[in-house]
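Trainee: I would like to learn how to read a sheet and its cavities. Can you take me through one example?

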Amino acid sequence: MKYRQQLKGLQPYHPGKSADDVKQAYGLQQVIKLASNENPYGCSGKVSQAISHELLNLSNYPDSSASELRKRVAEHLGVFQDQLIFGKGTDEIIHLLCRAYLEPGVNTVMSDFTFLQYKRNAIIEGAHVREIPHLNGRHDIQKMIDAIDDKTNIVWVCNPNNPTGEYVRQDELINLLESIDKSILVVCDEAYFEYVDADDFPDTISLLSDYPNLIVTRTFSKGYGLAALRIGYAVCDPEVVSTLNIVRETFNTSHLSQIGVMAALDDQSFIKECHLKNRQELEQYYRFCWRFGLSYYPSQANFIFIDMNMESNKVAQHLLSKGFIIRPGSTFGKPTGLRITIGTPKQNDSIIALLSHFVKVEANSQNSHMLSQ
Ligand SMILES: *Cc1c(COP(=O)(O)O)cnc(C)c1O
C-alpha cells in the first residue's frame with residue numbers, strides 16, 4: 001500500500017509495559033507501575049460519585065465545546081472561556097498543534113532530552129526537527145533562541161521537563177519570548193504543574209496577556225490522577241484556539257470524562273495533599289542518591305531521573321521481576337538512567353530497598369573482579 005513518506009522509519013509509540021503483562025510474565029500477584037507518572041494516590045473520591053450519577057445518561061453525544069468544564073476551568077485559572085481548548089489528553093493537544101502549525105518546509109525547536117511526542121508528531125507532519133542539546137537535564141534556552149529562524153513555527157518548552165524533572169525559570173522564558181518573533185508559537189507543556197514548588201517557576205497564565213504566541217498546556221492525567229479519563233487542555237490566545245478547532249474532532253472529549261474532571265477540579269485539597277506527600281517522598285530518593293553517590297536531577301515533578309552508573313536495563317529488569325515497573329533510560333537514549341515515578345511511602349521504601357541491594361551487590365562484584373585481576 002502507498003502511504004505517507006514521513007511515516008517511514010516510525011514505529012507505533014510504546015507506552016511501556018502494563019501491570020497485567022508483568023503479572024503474567026513473572027507469575028506475580030501484585031505489580032506496581034511507577035513508569036508513567038500516574039498519581040499513586042488515585043484521584044479525588046468525588047470523581048466516581050459524580051460519574052456514577054451520569055451512568056444512565058449515555059445515549060447522546062457529549063457537549064462538543066465542553067461548556068460547563070470550560071466555565072469551571074476559566075474560573076479556576078482566571079482566564080476567559082474563549083482562551084481554552086480541551087483535548088483527549090495533552091497528547092491530543094500536541095497532535096492538534098502539530099497538525100495545525102507544522103508542515104514540510106518549516107521547522108520546530110525543542111530540547112534533545114524531553115517528552116518524545118513533540119518530535120514524533122512533528123515528523124509525521126513532515127516538519128524539520130531541531131533538537132538542541134540539553135544542559136544537565138535543562139533546556140538550553142539561549143541555544144534554542146539561536147536555532148530559531150523565520151522558518152520556525154513552534155518552540156517546545158516542557159516545564160517541568162519530562163523525563164528529567166528540571167525546569168525553565170520565569171526569566172529564561174521571558175528572555176525566549178522577548179527574543180523571537182510573535183508569529184512563532186511557544187508551547188509550555190505544564191503536565192506536572194500541580195507538583196511544582198520553585199518560586200521562580202514561570203507564571204505562564206499571567207504572561208498570556210503580553211504574549212499572544214504563548215500557549216500553556218495542562219492535563220488531568222498526572223496530579224489530578226485521571227489518566228484514564230483522557231482530558232488535557234491548552235490556554236492561549238483565542239485566535240490560536242480558533243485555528244486548533246479547525247483540526248479538532250467534534251466530540252473529542254467524552255461526557256463522563258467532562259463530568260469526572262469537573263469533580264476533580266472542585267477538590268483542590270486532594271491536589272494539595274498529593275503535592276506535599278510527593279515532596280516528602282522525593283526527598284527519600286535524594287537521600288538514597290547521596291548515600292550511594294549517584295547523580296540525579298533535582299525534580300519539580302512526581303518522578304526522578306537517576307544515573308545508576310551502570311546499564312540501567314538490568315536494574316529495570318531486576319525490579320520488574322520483583323513486581324515494579326519503572327522506565328529505563330534507554331527509552332530516552334540514556335542507557336545508565338532510570339526514571340522512577342514517586343509512589344506511596346510504602347512503594348518507595350520497597351523500591352529504594354531493592355535499588356540499594358542491587359547497587360551494593362554490583363559494587364561487590366566489581367570489587368572482587370578487580371581483586372582477581
Ligand atoms: C504525561 C504527559 C503528557 C500527556 O498527558 P495526557 O494529558 O495524558 O495526554 C504531556 N506532556 C508531558 C510532558 C507528559 O509527561
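Mentor: We take the sheet, then the cavities.
This is a predicted model, where local features need pLDDT of at least 70, side-chain atom pairs count only at pLDDT 80 or more, and totals for chains, interfaces and linings use all residues. Residues are numbered from 1 along each chain as its sequence is written, and side-chain values use heavy atoms, with hydrogens and water left out.

Trainee: In what order do the seven strands of the open sheet lie?

Mentor: Strands (E, at least two residues) and helices (H or I, at least four) are DSSP runs, numbered from the N terminus. Two strands pair if DSSP finds at least two bridges between them. Here the order is β2-β8-β7-β6-β5-β3-β4, with mixed pairing. β2 (84-87) and β4 (128-132) are the edge strands, each pairing on one side only.

Trainee: How many bridges join β3 to β5?

Mentor: Three, and the two strands run parallel. Threonine 108 stands opposite isoleucine 154 in β5.

Trainee: What lines the largest cavity?

Mentor: Rolling a probe the size of a water molecule over the atoms shows where empty space is left. On a 1 Å grid over the protein atoms alone, a cavity is a set of points where a 1.4 Å probe fits but cannot get out; lining residues have an atom within 4 Å of a point. Grid points are joined across faces, edges and corners, and a volume is the space filled by probe spheres set on the points. The largest cavity has about 40 Å³. Its lining includes Asn39, Tyr195 and Lys277.

Trainee: What volume has the second largest cavity?

Mentor: About 30 Å³. Arg70, Phe86 and Arg248 are among its lining residues.

Note on methods:
On a 1 Å grid over the protein atoms alone, a cavity is a set of points where a 1.4 Å probe fits but cannot get out, and a pocket is an open set with protein on both sides within 12 Å along at least five of seven lines; lining residues have an atom within 4 Å of a point.
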